[in-house]
Amino acid sequence: MRGFFASEEQTERRERVQALGRHLLLELFDCDAEALNSLETVKASMVEAAKRAQATIVDVVFHEFNPFGISGVVVIAESHLAIHTWPEYRYAAVDVFSCGDVLQPQTAANYLVEQFKAARASVVELQRGIFLQASPMPHKPAGAKVTVAKVPGVKAPVAKVPSAKVPAARVSAARVPGARVPVGG
């Protein structure tokens, strides 16, 4: 794949790169304002998104603002799902941060796009805690999937998240240096 690691040194580095976690930054536009302003709907949607992503829920904390807006977090053993809503703008910002290889963050993101009836959405995936390692990381078993990081300054193609998963939404991908946009779910 041209454009990623051009030199032998960079190819060798790729084989030693491991990340502690994946962080999806999800922006939902033109959502159902009533859903975004309902504490019950937002909380239930976030908890269900965590369950669908195969997460282990540890705690759930949400707050309803006056006159409108909801903020909350679903703390999971694998990290967290967080949301902040602006019903007056029909907008929500969501983070899905996952450590480990079991959690399916894209499943959570797709579910939330559907639940809030977002007409447009963008997803950016960041690799968090990227380390060059000669040996496996203590929290990851031997043979665990190794995550590949991009070399700063090297342009790589950015894929669009398929809109087929969420027919009502147009999904776009942002270009962020050092970020990876997931494809599929």
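Analyst: Phe29, Trp86 and Tyr91 form one aromatic cluster. The model is a predicted one, in which local features need pLDDT of at least 70 and side-chain atom pairs count only at pLDDT 80 or more, whereas totals for chains, interfaces and linings use all residues. Residues are numbered from 1 along each chain as its sequence is written, and side-chain values use heavy atoms, with hydrogens and water left out. The structure holds two aromatic pairs.

User: Why is the pair of phenylalanine 29 and tyrosine 91 called tilted?

Analyst: Their ring centres lie 5.3 Å apart and their planes stand at 45 degrees. Rings of Phe, Tyr and Trp (its six-membered ring) pair if their centres lie within 6.5 Å, and planes under 30 degrees apart count as stacked, over 60 as edge-to-face and the rest as tilted, so the pair of phenylalanine 29 and tyrosine 91 is tilted. This pair links distant parts of the chain, with phenylalanine 29 in strand S1 (residues 17-29) and tyrosine 91 in strand S5, 62 residues apart.

User: What makes the pair of tryptophan 86 and tyrosine 91 tilted?

Analyst: Here the centre-to-centre distance is 5.4 Å and the planes are 40 degrees apart, and on those values the pair is again classed as tilted.

User: What makes S4 and S5 a pair of strands?

Analyst: Two strands pair if DSSP finds at least two bridges between them, and S4 and strand S5 (residues 91-99) have eight, in the antiparallel sense. Isoleucine 83 has valine 94 of S5 as its bridge partner. The hairpin of S4 and S5 has four residues between the strands, and arginine 90 takes a positive phi near 55 degrees there. The strands themselves are DSSP runs (E, at least two residues), as the helices are (H or I, at least four), numbered from the N terminus.

User: Which other antiparallel partner does S4 (residues 79-86) have?

Analyst: Strand S4 is joined to S3 by six bridges, among them that of isoleucine 76 with serine 79, and two residues connect S3 to S4 in a hairpin. Strand S3 (residues 70-76) also pairs with strand S2 (residues 57-64), antiparallel over seven bridges.

User: How do you know how H3 and H4 pack?

Analyst: Helix H3 (residues 39-52) and helix H4 (residues 105-115) have axes 8 Å apart at an angle of about 150 degrees, where axes are lines fitted to C-alpha atoms over the stretch in contact and angles run from 0 to 180 degrees between N-to-C directions. The contact (heavy atoms within 4.5 Å) involves Ser45, Met46, Glu48, Ala49 and Arg52 of H3 and Thr107, Ala108, Tyr111, Leu112 and Gln115 of H4.

User: Why is H4 described as largely enclosed?

Analyst: Eight of its eleven residues are buried, so H4 is largely enclosed by the rest of the structure; the buried residues are Pro105, Gln106, Ala108, Ala109, Asn110, Tyr111, Leu112 and Val113. Just after H4, lysine 117 takes a positive phi of about 50 degrees.

Conventions. Buried < 20%, exposed > 50% of the residue type's maximum accessible area, 1.4 Å probe, protein only.
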